[in-house]
Amino acid sequence: MYENDYPELKKEDRYTSPASSKPLHELKMLQEYIHSVNLQNLGTTLPHYKQQMILLKFLKSKKNQLVEIYSRSKDEVIHTVGKVSVVGRDFVMIRTLLTRIWIPYRAIHTAKSPFGLPDMPGSHQNVLIDEELRRKLLTNFGVTVAEKQTLRQQFFEELLQTNLKSWIGTKFIIYTDTPISGKLRGVTKGKLNFKEKELAISKITYMKQGRILSFFEKIFTKLKITKSKNS
């Protein structure tokens with residue numbers, strides 16, 4: 001009987017079609033293996049994008065988990081340990097208790113899980129979608145996703161330039177040829193604007209800011225914008 005052969009496929013009073021003749025756990029392992037092999041083959045074909053593609057795959061699987069990253073800024077090696085907060089198309093944002101850190105993929109030498117930590121599944125990364133949010137996504141996807149940063153990160157891989165637009169008005173310490181610090185005034189195509197200078201995003205190897213200070217800076221910036229609109 002079908003219900004005896006495939007009891008795991010029962011959904012309420014109906015049955016879904018089996019995706020394979022293999023047990024689900026074996027099928028899952030096979031799918032992961034095939035995906036890994038395909039990724040390695042794609043990286044061999046496109047060597048310029050190999051590091052970016054593999055880092056994307058690894059860091060997405062570690063979302064909201066601790067990772068250990070070694071990156072380079074000129075001759076300096078920077079060791080970072082923190083939780084993966086945002087996985088972008090060309091960068092990762094790491095969060096510690098007091099600091100928020102941005103690292104471009106091109107600056108990363110290696111990334112791994114800290115020794116001794118269990119390898120957790122990625123199911124906890126999913127955004128909970130209630131019926132109201134589901135309806136909004138079905139009827140007005142673009143506007144709904146654009147309004148919420150968590151949804152933008154779930155459905156799209158932001159560029160570093162796009163992500164930093166959300167942090168205008170906050171202070172950064174930025175590592176380039178020479179470390180600089182200052183309040184971000186604006187983001188234009190390929191450049192960050194500070195009070196007295198512009199900085200090419202392509203030269204950035206590491207960025208960080210205090211989480212508590214930036215929280216109040218963002219509130220102050222929003223109040224300032226609201227006041228200017230009302231006046």
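1. A salt bridge here is a side-chain nitrogen of Lys or Arg within 4 Å of a carboxyl oxygen of Asp or Glu. The model is predicted. Lys112 and Glu68 meet this criterion, with their closest N and O atoms 3.0 Å apart. Lys112 belongs to strand β7 (residues 108-112) and Glu68 to strand β3 (residues 66-73), so the bridge ties together parts that are 44 residues apart in sequence. Lys112 is partly exposed, at 34% relative accessibility, whereas Glu68 is buried, at 11%.

2. Searching the whole structure gives three salt bridges. One of them joins the side chains of Glu132 and Arg135, at 2.7 Å from N to O. Both residues are in helix α4 (residues 131-139), and because they are three residues apart, about one helical turn separates them. Glu132 is partly exposed at 41% relative accessibility, and Arg135 is partly exposed at 44%.

3. Lys191 and Glu198 also form a salt bridge, with the closest N and O atoms 3.5 Å apart. Relative accessibility is 37% for Lys191, which counts as partly exposed, and 49% for Glu198, which also counts as partly exposed.

4. The largest nonpolar core has 18 residues, of which Trp102, Leu164, Phe172, Ile174, Leu184, Leu192 and Met207 touch the most other members. At least two residues of this core come from each of β5 (91-95), α7 (160-164) and β8 (171-175). Another core, of 17 residues, lies apart from it and includes Ile78, Val84, Ile101 and Tyr175.

5. What does Met207 touch, leaving aside residues up to four places away in sequence? The contacts are Arg100, Ile101, Trp102, Leu164, Phe172, Ile173, Ile174 and Leu192.

6. Thr205 sits in the loop between β12 (198-200) and β13 (206-210). Is Thr205 buried or exposed? Thr205 counts as buried because its relative accessibility is 14%, and the cut-off for buried is under 20%. Its side chain makes a polar contact of 2.8 Å with the side chain of Ser73. Beyond four places in sequence, Thr205 touches Arg72, Ser73, Ile103, Pro104, Arg106, Ala107, Tyr175 and Thr176.

7. Ile219 is placed in helix α8 (residues 211-230) and counts as partly exposed, at 35% relative accessibility.

Notes
Residues numbered from 1 in each chain as written. Predicted model: local features only at pLDDT ≥ 70, side-chain atom pairs only at ≥ 80, totals over all residues. Heavy atoms only, no water. Helix = DSSP H or I, 4+ residues; strand = E, 2+ residues; numbered from the N terminus. Buried < 20%, exposed > 50% of the residue type's maximum accessible area, 1.4 Å probe, protein only. Core = buried A, V, L, I, M, F, W, Y, C linked by side-chain atoms within 4.5 Å. Contact = heavy atoms within 4.5 Å. Polar contact = N/O pair within 3.5 Å; in protein donor to acceptor, adjacent residues only side chain to side chain.
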